[in-house]
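Dear colleague,

I am passing on the structure we discussed, and my notes on it follow below. Please read them with the model open beside you.

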Amino acid sequence: MTMENRKQCPYCAEIIDTKAIICKHCQSIIGGGSVEKSGTLVRVRVKTYEKVYSGDIFVPQHLDRVSDVINDSRHFIILINAKEELKTSDAPVGFLAINKAIIEWVRLIGA
Ligand SMILES: [Zn+2]
């Protein structure tokens with residue numbers, strides 16, 4: 001790995017390969033692309049104090065359950081393909097980091 005192939009993980013600040021999709025240090029998802037081989041995406045609804053979001057949580061292979069992701073040491077959970085649920089329609093918000101401190105609950109969709 002040469003210097004120009006490296007970048008800093010925005011979540012844990014460790015230096016990783018620019019092509020990395022998932023940080024090897026903190027398992028955060030850095031960019032787009034296939035994540036099928038390294039874990040699964042689980043569809044959830046997340047209620048914060050003010051809003052309800054739906055989206056996909058990435059569960060790395062070394063963790064079995066969504067609750068392991070919720071309870072890990074990071075302060076945020078990452079929602080992919082996230083939508084904010086509004087009364088009239090859903091507003092796509094894409095990629096979302098939600099501070100765990102403001103989460104009231106997380107529920108699995110369709111499990
Ligand atoms: Zn990281």
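Isoleucine 57 touches Val42, Val44, Val66, Val69, Ile77 and Leu79, leaving aside residues up to four places away in sequence, where contact means that the C-beta atoms, placed from the backbone, lie within 7 Å. Please bear in mind that this is a predicted model, in which local features need pLDDT of at least 70 and side-chain atom pairs count only at pLDDT 80 or more, while totals for chains, interfaces and linings use all residues. Residues are numbered from 1 along each chain as its sequence is written.

Ile57, Val66 and Leu79 have the most contacts inside the largest nonpolar core, which has 14 residues; such a core is a set of buried Ala, Val, Leu, Ile, Met, Phe, Trp, Tyr and Cys residues joined through C-beta atoms within 7 Å, and buried means that 20 or more other C-beta atoms lie within 10 Å of a residue's own. At least two residues of this core come from each of strand 3, strand 4, helix 1 (66–70) and strand 5, these elements being DSSP runs numbered from the N terminus (helices H or I, at least four residues; strands E, at least two).

As for pairing, which requires that DSSP finds at least two bridges between two strands, strand 3 (residues 39–48) runs antiparallel to strand 4 (residues 52–60) over 9 bridges, and a hairpin joins strand 3 to strand 4 through 3 residues. Strand 4 also pairs with strand 5 (residues 76–85) in the antiparallel sense, over 4 bridges, and there isoleucine 57 stands opposite leucine 79.

Best regards

How values were computed. A residue is buried if 20 or more other C-beta atoms lie within 10 Å of its own, exposed if 12 or fewer, and partly exposed in between; C-beta atoms are placed from the backbone. Two residues are in contact if their C-beta atoms, placed from the backbone, lie within 7 Å.
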